[in-house]
Amino acid sequence: MPGVCDTLKTFTVPSQIGVSYAWAITGVGNQIIGGQGTNSITAITKAAGTAIVTLSNAAGSIPSTSTAFTRALPPTPTAIIGSVTPCPNSFATYTLTNPTPSATQVPAVIYRWTIPANCTISSATSDSSTVTIDFGSAFNGGSVAAKGQSACNVIGAAKSITVAPPKPADIVSS
C-alpha cells in the first residue's frame, strides 16, 4: 500500500495479440506493484524515474519504449511582498503570495528562504510564508528568495527579488 508521500501511477501501451510485455521502472524507491507481463502496470512512485517496456513475440524482441515521469512539485510563489530598499541595521518583513496548487502540483507546507549575506531571519510564521529579516550593518545588497517544500520534502522552484540599500540623492551645487 502506498505511503502518504507515494504516488500511484499507471503506465499503458496498446495491447497486441501474440506479444509479451516486460516492464521495468527506474528511480529510487519506485516499484511495480501490478500488471507485470501485461500491457498496463501500476507502480508506486517515490521519485522521478522512467517506465520502460520491452515487447517480444515469436520472432524475438521488439524495440523497447519508455516514458519519463516526474515528482509533483509545490507551485512557485507568485510574489514576494516587502521592501526592495532596506537599510543596513534595519528590519523588514517579507510575505509570499502563493498560488493554489494545480492538479499536477502538491501544496507547500513550509517555505525555505535564502537571504543576502550579513542578514538573519529574526522571526517567521509557522509555515514561514512571512519572515522578518534583520539587515545587519554590513548589508550591501543581494537577493531574497523563497521556495515551497511539500510534506514529502519535495522542493519547488524559487521566487526571488533583488534588494539593495537606498542610494543617497545626487549632490547638486548652486
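Mentor: Let's start with Gly 34, which is partly exposed because its relative accessible area is 26%; buried means under 20% relative accessible area, exposed over 50%, and partly exposed in between, using a 1.4 Å probe and protein chains only. Before we go on, this is a predicted model, so local features need pLDDT of at least 70 and side-chain atom pairs count only at pLDDT 80 or more, while totals for chains, interfaces and linings use all residues. Residues are numbered from 1 along each chain as its sequence is written, and side-chain values use heavy atoms, with hydrogens and water left out.

Gly 34 belongs to strand 3 (residues 31-34); a strand is a DSSP run of E with at least two residues, numbered from the N terminus. Leaving out residues up to four places away in sequence, Gly 34 touches Ser 40, Ile 41 and Thr 42, where contact means heavy atoms within 4.5 Å. Ala 24 is 10 residues from Gly 34 in sequence, and their C-alpha atoms are 12 Å apart.

Now look at the loop between strand 1 (7-12) and strand 2 (20-25), where you will find Ile 17. Ile 17 counts as exposed because its relative accessibility is 88%. Asn 57 is 40 residues from Ile 17 in sequence, yet their C-alpha atoms are 9.1 Å apart.

Strand 2 runs antiparallel to strand 5 (residues 49-57), with 6 bridges joining them; two strands pair if DSSP finds at least two bridges between them. Tyr 21 has Leu 55 of strand 5 as its bridge partner. Strand 5 is also antiparallel to strand 6, through 8 bridges, and Val 53 stands opposite Thr 65 in strand 6. With 2 residues between them, strand 5 and strand 6 form a hairpin.

Rings of Phe, Tyr and Trp (its six-membered ring) pair if their centres lie within 6.5 Å; planes under 30 degrees apart count as stacked, over 60 as edge-to-face, and the rest as tilted. By this rule there are 3 aromatic pairs. One of them joins Phe 11 and Phe 69, a tilted pair at 5.3 Å centre to centre with 45 degrees between the planes. Phe 11 lies in strand 1 and Phe 69 in strand 6 (residues 60-69), so this pair ties together parts that are 58 residues apart in sequence. Both Phe 11 and Phe 69 are buried. Tyr 94, Phe 135 and Phe 139 make up one aromatic cluster.

The largest nonpolar core has 15 residues, and Tyr 94, Trp 113, Ile 133, Phe 135, Val 144 and Val 163 have the most contacts inside it. By a nonpolar core I mean a set of buried Ala, Val, Leu, Ile, Met, Phe, Trp, Tyr and Cys residues joined through side-chain atoms within 4.5 Å. Strand 8 (90-97), strand 9 (110-114), strand 11 (130-135), strand 12 (142-149) and strand 13 (155-163) each give at least two residues to this core. Apart from this core lies another, of 12 residues, including Phe 11, Val 19, Tyr 21 and Ala 43. In soluble globular proteins, nonpolar side chains tend to be buried together.

Strand 7 and strand 8 share 3 bridges, and Ile 80 faces Leu 96 in strand 8.

Leaving aside neighbours within four places in sequence, Ser 90 is in contact with Ile 133, Asp 134 and Phe 135.

Finally, consider two backbone details. Most residues other than glycine have a negative phi. Asn 89, however, has a positive phi of about 60 degrees and sits in the loop between strand 7 and strand 8. Ser 128 also has a positive phi of about 60 degrees, and its place is the loop between strand 10 and strand 11. Asn 89 is exposed, at a relative accessible area of 59%, whereas Ser 128 is buried, at 13%.

Notes: Helices (H or I, at least four residues) and strands (E, at least two) are DSSP runs, numbered from the N terminus.
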